[in-house]
Amino acid sequence: MSPPVPKSVPPTRADPVVAAASEVIGGPLGRYAAPVRHTARSLWQPAAAVLVGLASLTVAAGVLQKAHCFSKGWNTPDQFWHACYSDLPLVYQTNGLGHAMPYLPGAQHLDQPLVTGLVMWLVGLLVPDGSVMVQQQWYFALSAVLVTVLAMALVAVTVASVPETPWRAAHIALSPVLVLAGLVSLDLLGVLLTSAALWAWGRRRVPLAGILFGLAISARSYPIVLLVAIGLLAVRCGKVAVWRRLVLTALGTWLAVSVPWLLTNADGLLSVYRSWWRGGASYGSAWVVPSLLGHGLSGGAVMWLPVAGWLVALVVGALFALSLDRRPSVAEISLVMLVIVLVSGKSVPVQAGLWLLPLIALVGMQWRDHLIWAGFEATYFVAVWLYIGGLSKPDRGLPVRGYSTLLLLRLVALLFLLVQVWRVARSRPPAEPVGDVPVGDVPVGDVPVGDVAVEAAELFGDAAETVGEPDQTFEPVDEQAEPVGGWAAEESADERAPVEEIDPLAGPLAGAPDAVLVRFG
């Protein structure tokens, strides 16, 4: 029989937005109500069932949002005026996805990573013959079914990753970003593989996590950022060897998937990466704004600024991972680094917001912060199509200055997410060694997020009980007890006692010594 799961703060008590939304089903949980206790194995299942169903409805809302184009066709500039543009039917038509397999000699170049491109080709094989519009409708409809399955699986994986706080996955299932961007492309395939890799890592299944990361990188490049984030945390915990095994497995998987295509048609496989490297700044990027205003950056600057962004993400991620009194979670440091990479990129497409949704869910962000960010994403979603449509009909489109302003505000909203995550992680007190208290009586507490104190305590092992209350606070950390001045290395991780673990995705890092390796005076 599975041990009981510690009581967690109900979301209606922890988040004012959730509390307000709950009025339609009777209001927040009462002050004296006692939540039903579940076993560790079954707690997440009811939430998963509800959220998976809601995710399918959210994707259905996305289909309705694209309804004009589905019925009238994806025609320019009409598709921009109705904000129903999608890569899916257009890529199918222009790349002949219903015929020759992409990446083979003689096939048209497909501007998609390998795994994503192959899945798009397989969907294209199911499209029956007919007119161009009929084929586009079929391809979009089949892709919508696939996206629905991907979204439902993504929610289920996220719930399984945080079984003690399963309602966090609502950040995926009910996000406005999923409605607007979910059907623009098949980015959710890479997002699902990445989330599955994080789940496997959190369950200490390192080889499986490596395989999934390798597949995820073959579907979308951004999971590399998450691999680096895990590596930084491994440095803090003294667990570099297990991270090295993860990376080698991911690299081996990527090579196993890619080498056959590299040997037959390397140019076709690498064309998407070559296009990114040689291409200029595009929609969504901060670097496109100067050119829109008549002061374009040189090609060399646009080429190297994103590389500098990756380096900045590495430095900031290292400071975040190594300098806080309490080790941040895998999701927190991944979100911080990914935001920096996005903000400094050559292009920030509307579907890039999908990459952040699982991380937002895993960190347990407040819905207020999520909706603030999603509001700017939605505004930009409309703005970019109005701007592109205005290139052919300036009198109807969005002016350059208006588009540039909304673009920059969207990037500021991304940085807002970074600040919120950093602030919450910084507020945690240093970890307490678990050797000081018996297992099963480990004290855990709550961490302030936004204006409300929400639970940040995760299950220690399978038998730990929470004893903190929702309004529990912590004493200030005594800074004088720590070394100050410049960069100061703390005592070796091997000299520290194991600590209680609050990160559900820590995996092999769980309970490891938590040494602060960098401190500023």
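I began with L255, which is partly exposed at a relative accessible area of 35%; buried means under 20%, exposed over 50%, partly exposed in between (1.4 Å probe, protein chains only). The model is predicted, so I note that local features need pLDDT of at least 70 and side-chain atom pairs pLDDT 80 or more, while totals for chains, interfaces and linings use all residues. Residues are numbered from 1 along each chain as its sequence is written, and side-chain values use heavy atoms, without hydrogens and water.

I placed L255 in helix α14 (residues 240-278); helices (H or I, at least four residues) and strands (E, at least two) are DSSP runs numbered from the N terminus.

Next I looked up cysteines. I found one disulfide, taken as a pair of cysteine sulfur atoms within 2.5 Å. C69 and C84 form this disulfide, with their sulfur atoms 1.8 Å apart. The pair links distant parts of the chain, 15 residues apart: C69 is in helix α4 (residues 67-72), and C84 is in the loop between α5 (78-81) and α6 (87-95). The torsion about the S-S bond of C69 and C84 is about 60°, so the disulfide is right-handed. I noted both C69 and C84 as buried. C237 is buried too, with a relative accessible area of 3%.

Then I checked the backbone. A cis peptide bond, omega about 0°, joins T76 and P77, and P77 sits in the loop between α4 and α5.

Y103, not a glycine, has a positive phi of about 75°. I found Y103 in the loop between α6 and α7 (114-124), buried at 2% relative accessibility.

R204 also has a positive phi, near 65°. R204 lies in the loop between α11 (187-202) and α12 (206-219) and is exposed at 52% relative accessibility.
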